[in-house]
Amino acid sequence: MKESSIILNQNPAVFRLSDLPMIDYVQFWQEVSAMMKNENNHIVAYFPLPDGADKWRFICAVADDANKNIQVFSHECSRDVSKLESLTPEINAMHIFEREMHENNGIDFPGHPWLKPVRWPHNRYDQSSCMNTYPFFSSDSIELHQVGVGPVHAGIIEPGHFRFICNGEKVYHLEIHLGYQHRGVEDLFVSADSNIKRAVLSDSIAGDTAVGHSLCHAQLMEELAGNVPDEMLQMERAIALELERIAFHIGDTSALCADIAYQLGQVVCESLRTVVINTTQYWCGNRLGKGFIRAGGTHYPMTKEVANEILKNLQYVENRYSEMAAHLFSMPGALSRFDGIGVVSKEQGLRAGLTGMAARMCGIPRDVRTTHPFQAYKKYKYKPEIFTSGDVLARALMRRCEISKSIELIRTIVGEILSRITNPRQNKSKNPRQNDDAKNTAPNYNLALAADSVCISMTEGWRGEIVHVAVTDNKGAISKYKITDPSLHNWTGLALAVRNQEISDFPVCNKSFNLSYCGYDL
């Protein structure tokens, strides 16, 4: 029997485009629909490629968390017809991908219940579609009213509009309208004339996830070039990724404290977040880790001084954060604002395709470090924390647990690095940087990429699953670049969380997710 897909058993993974079987859309619909009904599977990418002048060729990647692989499907359709029966009524998580293809490429998906614009790129298919004509859901009931928030916010955050339908103070429905600053990031990855420009661009996909996105990009480039990063480099990258996770989880704890008027918790956590990001700055010169992760090598190899600074600062942060968290999570006033507020059930999470922390807080064990391990996580087995209540309290406690686990993991890795640094002869074979004839550890911006190939790269950012996909042409140049930030999936989780809540609960629900506008608005 002819194979209908390619199965990738590692992360990142590359394959020849010509090796990807083409199946008809009926078979694709049936196979993907059946696969996605298994809660261990979820969509990670789905997009079209031009196939000559008259066809679209589609690439769809589905992650199998149980078997730790990614299954890739392909089908095609004529540009003249461009009508494909929607998968969304069967698999709700497909809605955002079909909407994006409808907006960008004019592909129609009959049966889609919510075929609305996603981002309004300047080169969108329907130029008559604009912000002012966005078709918000509405109700004519005289008992209901609408409340609009944004797109200009009181805080210094990015633009987004929230449209609530309420009965008194109770929220019946929230529609989240983003896309106000579409930057065309994916197109810039294709048009960039050098790999160093792409590397710099990867730092700014979502500014608060510079390490997560730049690591995802770097390992994609390395895989396409057949370049295997040395073990020390992989270990250093894992440390940087976990420092980023610690910093923003503490920052979010501060924001949650602010929303319940617990000022002591707010200022203590703000100060601790500063300690963590200043540690990253001590290491690489930038508090957010911009410029740190680069394909092929590093400008900032770990030294004994850096390692000791990390350990010292983490000890201080752990002691003070643990004390503050113990206060916060034992205060009746705080617990009353967290417990049972903003609940998202496991069923809702699965249907929405939630990833990362938003998935794990409602009983879905979805963590790329475990399900599709990458870099040093293949060696350091990570076991994620899982909560089942799906409320603000679960999301707050999730941060507390992940901070503790990240500190523990960093200590383990730094300890091994210090051992290698102080005993170079004993670890000579494991650490090529200690060899007299060691190759230059600087980044390589001249990597030659495999031609006519597709590479899928995934990392676990602090919000959740980050996916980068690159397609190369017959000369090895990047012809297509697709990015999926966890926020693309998880904004739906926020909309679900506020249903049947008081509208005054929205701020604490919002901060408990703390999703990215720019990560969504690519």
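Are Phe-374 and Tyr-377 buried or exposed? Please start from there and then go through the ring contacts.

Reply: This is a predicted model, and in it Phe-374 is buried, as is Tyr-377. A search of the whole structure finds 16 aromatic pairs. Among them, the rings of Phe-374 and Tyr-377 have centres 4.9 Å apart with their planes at 50°, and the pair therefore counts as tilted, given that planes under 30 degrees apart would be stacked and those over 60 edge-to-face.

A second pair is made by Tyr-134 and Phe-136, which is edge-to-face, with 4.8 Å from centre to centre and 70° between the planes; both Tyr-134 and Phe-136 are buried. Ring pairs also link Tyr-25, Phe-28, Tyr-46, Phe-58 and Phe-73 into a cluster.

Charged side chains come into the picture as well: Arg-79 lies over the face of Trp-56, at 4.1 Å from the ring centre, while Arg-119 lies over the face of Tyr-520, where the distance to the ring centre is 5.7 Å.

Burial can also be followed along helix H2, which spans residues 95–105 and is largely enclosed by the rest of the structure, because nine of its 11 residues are buried. After H2 comes Gly-106, with a positive phi near 75°.

Methods: Residues numbered from 1 in each chain as written. Predicted model: local features only at pLDDT ≥ 70, side-chain atom pairs only at ≥ 80, totals over all residues. Heavy atoms only, no water. Buried < 20%, exposed > 50% of the residue type's maximum accessible area, 1.4 Å probe, protein only. Helix = DSSP H or I, 4+ residues; strand = E, 2+ residues; numbered from the N terminus. Phe/Tyr/Trp six-rings, centres within 6.5 Å; stacked < 30°, edge-to-face > 60°. Lys NZ or Arg CZ within 6 Å of the ring centre and 35° of its normal.
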